[in-house]
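Here is a short briefing for a first look at this structure. Keep the sequence and the 3D view side by side while reading.

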Amino acid sequence: MNDAFLNQILDRHAQTKPFPATSDIKKLFTKIVLTLFPEQTRKHVVNLADLQLVWESIEHGLESILHTMSKDLPGTPQEITKSYMARIPEIYSLLLTDVQAMVDGDPAATTDYEVIRTYPGFYAMAFYRLARGLHLEKVPLMPRILTEYAHSKTGIDIHPGADIGPYFFMDHGTGIVIGETCVIGERVKLYQGVTLGALSVTKSMASTKRHPTIEDGVVIYSGATILGGETVVGKNAIIGGNVWLTRSVAPNTKIYHQENLKVIEE
């Protein structure tokens with residue numbers, strides 16, 4: 001290696017801020033998921049005292065991770081840790097509604113246990129909702145690490161900035177993309193391959209609403225693409241598969257993509 005190249009890399013090392021290891025972040029938040037949902041693990045807590053010790057270790061672990069990035073935080077690591085831990089019961093309650101939506105909405109789902117243990121949509125939502133809590137605490141980068149970890153595991157890409165209401169269900173889930181400024185109401189159901197994205201915008205619009213609003217009770221079938229910050233899909237609308245949508249849709253509307261198929265028999 002020549003010295004010019006090595007000095008270029010050395011400068012990057014010198015300029016890069018300290019940050020917790022991605023593996024430590026994944027490990028801690030996986031522990032949170034397994035503690036909240038023992039269906040995913042064989043290690044079960046048998047008494048309240050032991051459970052309290054588990055949560056104390058999680059709290060200490062989070063505070064330790066935040067200490068390594070304290071200069072970039074909006075408050076002290078201890079303050080943010082306390083505030084985040086106070087969000088956990090609400091996050092858990094929201095996840096229970098998501099599980100219920102999956103059981104109710106999928107004829108193939110038989111029990112809560114099956115959903116929690118096997119459904120990629122649940123796994124993606126668990127990490128999204130935990131990451132969303134960090135996002136609301138204005139913790140940098142960590143929320144994206146968590147949702148991208150879930151993305152790598154499930155093929156479901158949810159930005160932690162998205163605001164998703166209770167009873168959310170992704171059927172199959174693979175290939176779903178939900179953008180940063182998306183707002184999704186209650187009891188919304190998405191099928192695989194749905195994109196809730198942005199129209200092409202300049203970098204100066206990064207802080208504006210760029211992704212659609214999906215109101216309560218909407219169903220969006222596989223392969224549909226809905227784009228734009230001003231696009232609103234009204235309550236109880238149904239968007240068919242492969243629809244390309246860049247304008248608002250009134251409540252209770254049904255939109256389908258009509259394709260002309262030609263069959264040639266020889």
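Asn252 sits in the loop between β13 and β14 (254-255). The model is a predicted one.

**Loop residues with positive phi**
- Asn252 has a phi near 65 degrees, which is positive although the residue is not glycine.
- Is Asn252 buried or exposed? Asn252 counts as exposed because its relative accessibility is 56%, and the cut-off for exposed is over 50%.
- Asn242 also has a positive phi, about 65 degrees, and is not a glycine.
- Asn242 lies in the loop between β12 (238-239) and β13 (244-245).

**The sheet of five strands**
- The order in this open sheet is β1-β4-β7-β10-β13, and the pairing is parallel.
- β1 (157-158) and β13 are its edge strands, and each pairs on one side only.
- β1 and β4 (residues 177-178) run parallel and are joined by two bridges.
- In β4, Ile178 stands opposite Ile158.

- β2 runs parallel to β5 (residues 183-184), and two bridges join them.
- Which residue in β5 is the bridge partner of Asp163? The partner is Val183.

How values were computed
Residues numbered from 1 in each chain as written. Predicted model: local features only at pLDDT ≥ 70, side-chain atom pairs only at ≥ 80, totals over all residues. Heavy atoms only, no water. Pairing = 2+ DSSP bridges. Helix = DSSP H or I, 4+ residues; strand = E, 2+ residues; numbered from the N terminus. Buried < 20%, exposed > 50% of the residue type's maximum accessible area, 1.4 Å probe, protein only.
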